Each structure stands twice: as structure tokens, then as C-alpha cells.
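The report below describes the fold, the surface and the charged side-chain pairs of one protein, with the cut-offs behind each term.

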Amino acid sequence: MPDIEWKWEDYEEYNNFDAVGNERGFKSDMTQKRRDISVDWMYDCCKKFQMRIETFLCAINILDQLSFSNKESVKTMALYMTACLWIASKYEEVFSPDASEYIWMADNMFKVSELITVERETMKIIEYRVTKPTVMSFIQPVDGKLSTLQ
């Protein structure tokens, strides 16, 4: 049996992954277009920093737990997207990029102190529930057993 391996290139085929938040029971009121832009930006950051796919999926999960209106400013959305990605990278990565690197990716739209404040606020909103089971949660144990059977 071949090993199951996720590659970043595979994401190109599935760029609408988990696409419609409201149908899946998430709280967000943001439009599909805004969510797509958010997910694409987080994807670009993950590729730039060479993060694991689990970090990307965790960041999307955190973003989906937040409640946004379509009237949020670009700066506010960028700040929350950055906070989601920063929280996910702290949870999933061995070495997480520094806050200043995330701010650089967001075109220096805000300060480190603002990011830290929003990170704290985000963690309170999601009640410190950073992860939920994803497909990757089930594939990894099966993949390990399949490779030992060969």
C-alpha cells in the first residue's frame, strides 16, 4: 500500500476546502468571498513560513469559530486572521514564527501589542479550544499502521 502523504500542492485542487462555514454550523456571518480571501492569505503565509498542513487546518478552524460581520474593516480582519494563524502555529509547529514576521506578512497594518491583545481576545472567544478532530486526526494513526504492515 502506498503511504498517505499530504502535499501543499494538493491544496490547489481543494481550495474550497470546508468552504461554506454557515452550512457546517459555524458562527461566522462573513461572506464566502471574504472567507476565501482569508483562507488564501493564511495558505500563502503557511507556504511562506513552510508550516505543516495541520497548522493551516487549525488556523481555519479557529477563524471559523469567530463571529464576523461583513462590515469589519480590512485591518480588523487582517488582525484576526493573523491572530488565528499565530495561535495555530504556536500549537502545531515546533518553531513558530515571531509576531513581527506575521505583521510583516500583513503589510505592517498593526503593532505587536495589538496582535497580542487580539490573540488573548480570540482565545477567550473560542474558550481555549484550539483543535477539533479533522481528517488529518484520523489519517495519521491509520497511515502509521499501514506502513508497519508492509
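## Terms and basis of the model

A residue is called buried when its relative accessible area is under 20%, exposed when that area is over 50%, and partly exposed in between, with a 1.4 Å probe and protein chains only. The model is predicted, so that local features need pLDDT of at least 70 and side-chain atom pairs count only at pLDDT 80 or more, whereas totals for chains, interfaces and linings use all residues. Residues are numbered from 1 along each chain as its sequence is written, and side-chain values use heavy atoms, with hydrogens and water left out.

## Fold and surface

The protein contains 7 helices and 0 strands, where helices are DSSP runs of H or I of at least four residues and strands are runs of E of at least two, numbered from the N terminus. Read from the N terminus on, the order of elements is α-α-α-α-α-α-α.

Of the 150 residues in the protein, 41% are buried. Among contacts (heavy atoms within 4.5 Å) with a separation of 6 or more, 75% are between residues 24 or more positions apart. The accessible surface, which comes from the Shrake-Rupley method with a 1.4 Å probe, amounts to about 9100 Å², and carbon and sulfur atoms account for 54% of that surface.

The structure holds 6 salt bridges, each defined as a side-chain nitrogen of Lys or Arg within 4 Å of a carboxyl oxygen of Asp or Glu. One of them pairs the side chains of Glu54 and Arg52, at 3.4 Å from N to O. Glu54 is buried, at 15% relative accessible area, while Arg52 is partly exposed, at 36%.

Arg52 also meets the side chain of Glu92 in a salt bridge, with an N to O distance of 3.6 Å. This pair links distant parts of the chain, since Glu92 belongs to helix α4 (residues 74–92) and Arg52 lies in the loop between α2 (32–48) and α3 (53–65), the two being 40 residues apart.

## A link between α6 and α4

Another salt bridge joins the side chains of Glu114 and Lys75, at 3.4 Å from N to O. Here too distant parts of the chain are linked, with Glu114 in helix α6 (residues 112–125) and Lys75 in helix α4, 39 residues apart. Glu114 is partly exposed, with a relative accessible area of 26%, and Lys75 is likewise partly exposed, at 36% relative accessibility.

Through shared partners, salt bridges join Arg52, Glu54 and Glu92 into one network.
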